Amino acid sequence: MSSISPTVADLATRRGLAQAITLVESRKLEHRRTATGLIAEAMPLTGNALRIGISGVPGVGKSTFIEAFGLHLIDRGHRVAVLAVDPTSQRTGGSILGDKTRMEQLARNPAAFIRPSPAGRTLGGVARRTREAMLLCEAAGYDVVLVETVGVGQSETAVADMVDLFLLLLLPAGGDELQGIKRGIVELADLVVINKCDGDLQAAANHAAAEYRHALTLLRPAQHGWRTPVVQVSSIEGRGLDQVWDLATRFRAVLERGNTLADKRGGQALAWFRSDLREALLDRLTADPAWRREVEAAEAAVRAGAAAPSGAAAALLDRVLDQRAL
Ligand SMILES: Nc1nc2c(ncn2[C@@H]2O[C@H](COP(=O)(O)OP(=O)(O)OP(=O)(O)O)[C@@H](O)[C@H]2O)c(=O)[nH]1
Ligand SMILES: [Mg+2]
């Protein structure tokens with residue numbers, strides 16, 4: 001892959017975009033440098049997509065919903081990219097990859113681009129690569145980016161922090177505990193979608209919708225000036241999808257009023273910069289074997305309770321700065 005040096009023009013094809021994302025996902029220093037250049041070149045072409053995060057417990061119907069919703073949007077002239085943040089992907093080898101077979105029609109559609117979750121050791125690393133992939137998709141002309149995450153806790157927060165709208169898929173059943181939803185996740189939602197509102201589940205779905213509508217009146221809205229709506233959907237029968245899109249565009253209009261969208265994205269970009277800076281400093285330091293040993297020794301002392309965390313960090317930083325190691 002070292003020969004790959006894609007430019008923005010290469011993003012015009014799905015293959016070129018896929019290669020560019022592979023470059024962005026690489027941990028090799030030379031690839032990182034090329035990737036950084038590519039992202040910088042792509043930046044002026046980004047920002048035009050609606051970024052939607054989609055989360056829900058395993059089995060709620062994320063893949064089925066994304067396939068149906070994606071095709072619905074493509075029918076209306078949109079181009080749809082699907083990315084994933086899946087902290088479990090290092091074990092499973094990327095759940096969306098298996099999902100490509102489940103999202104068969106969408107995967108085959110020329111107006112869609114589906115990318116499995118990057119493998120990674122840390123959620124932060126996986127999230128960074130997904131954010132960069134999102135920018136590349138936007139530069140490639142996809143105007144809706146769906147970022148899927150499986151509902152296992154922290155990954156929802158990471159996704160909510162990179163999108164404009166966070167959509168939570170729920171089962172037609174009562175109560176967060178019953179559904180295995182982590183505390184606080186409902187609070188992140190800008191849009192609650194109850195899936196599987198069909199057949200025998202319809203009555204339970206009506207009940208769940210009423211229950212969540214009530215619960216949401218008691219929560220502070222995730223977005224000022226917006227009351228989080230609850231929509232009933234059947235991904236299998238394709239019902240309710242137009243309402244989801246209608247609400248998503250209305251939400252965007254609310255964000256665009258008074259520059260909130262720019263503020264939100266600006267804040268997200270700033271948080272991204274800060275976390276990248278922290279990560280890069282540590283990476284740069286531990287790239288040197290002697291310093292890596294120092295960091296590991298400090299970590300061992302902290303773990304053993306022999307050193308206080310903040311004191312050990314400050315002492316190490318003093319030595320780094322004294323020796324101009326960075
Ligand atoms: N009745 C009904 N079943 C659905 C609907 N959407 C999905 N399902 C079914 O629910 C099951 C799980 O759907 P998936 O789309 O694989 O769910 P997922 O959330 O992607 O699951 P993971 O990838 O394991 O996290 C499948 O058997 C689907 O056919 C729906 O709208 N109605
Ligand atoms: Mg799935």
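Glutamate 138 counts as buried, at 4% relative accessibility; buried means under 20% relative accessible area, exposed means over 50%, and partly exposed is in between, with a 1.4 Å probe and protein chains only. Good morning, everyone, and thanks for coming. Before I go on, a word on conventions: this is a predicted model, where local features need pLDDT of at least 70, side-chain atom pairs count only at pLDDT 80 or more, and totals for chains, interfaces and linings use all residues. Residues are numbered from 1 along each chain as its sequence is written, chains are lettered from A and ligands numbered from 1 in the order in which they are written, and side-chain values use heavy atoms, with hydrogens and water left out.

Back to glutamate 138, then. Its place is in helix H7, residues 123-139; helices (H or I, at least four residues) and strands (E, at least two) are DSSP runs, numbered from the N terminus. Which residues does glutamate 138 touch, not counting residues up to four places away in sequence? They are Leu45, Thr46, Gly47, Asn48, Ala49, Arg51 and Val145, where contact means heavy atoms within 4.5 Å. For a sense of distance, glycine 225 is 87 residues from glutamate 138 in sequence, and their C-alpha atoms are 27 Å apart.

Some of those names come back with arginine 265. This arginine sits in helix H13, which covers residues 260-286. Leaving aside neighbours within four places in sequence, arginine 265 is in contact with Gly47, Ala49, Arg51 and Asp164. With aspartate 164 there is also a side-chain polar contact of 2.7 Å. A polar contact is a pair of N or O atoms within 3.5 Å; within protein, one must be able to donate a hydrogen and the other to accept it, and residues adjacent in sequence count only if both atoms are side-chain atoms. Is arginine 265 buried or exposed? It counts as buried, because its relative accessibility is 14%.

Helix H13 also holds arginine 284. At 59% relative accessibility, arginine 284 counts as exposed. Alanine 325 lies 41 residues from arginine 284 in sequence, with 9.2 Å between the C-alpha atoms.

Let me step back to the whole chain for a moment. It is divided into domain 1 (1-45), domain 2 (46-257) and domain 3 (269-322), with bounds that come from an automatic or database domain assignment. The C-alpha centres of domain 1 and domain 3 are 30 Å apart.

Isoleucine 21 is found in helix H1, residues 14-25. With a relative accessible area of 0%, isoleucine 21 is buried. Beyond four places in sequence, its contacts are Phe113, Arg115, Ala133, Leu136 and Cys137.

Now for the ligand. How many residues surround ligand 1? There are 16, and the closest are Lys62, Ser63, Thr64, Arg102 and Asp198; a residue is near a molecule if one of its heavy atoms lies within 4 Å of it. By type, this shell divides into 5 nonpolar, 7 polar and 4 charged residues. Here Ala, Val, Leu, Ile, Met, Phe, Trp, Tyr, Cys and Pro count as nonpolar, Asp, Glu, Lys and Arg as charged, and the others, Gly among them, as polar. Helix H3, residues 62-75, gives the largest share of the shell, 3 residues.

Let's look at some individual atoms. An oxygen atom of ligand 1 is 2.8 Å from an N or O atom in the serine 63 side chain. For a backbone N or O atom of glycine 59, the distance to a ligand oxygen is 3.0 Å. In the lysine 196 side chain, an N or O atom lies 2.9 Å from an oxygen of ligand 1. Taken alone, ligand 1 exposes 650 Å², and the protein buries 71% of that; these areas come from the Shrake-Rupley method with a 1.4 Å probe, and for residues only the protein chains shown count as cover.

At 28% relative accessibility, lysine 196 counts as partly exposed.

Another loop residue is isoleucine 236, between strand E7 (230-232) and helix H12 (241-256). At 73% relative accessibility, isoleucine 236 counts as exposed.

I'll finish with histidine 78, in the loop between H3 and strand E2 (80-85). Its side chain and that of aspartate 143 make a polar contact of 2.7 Å. Histidine 78 is buried, with a relative accessible area of 17%.
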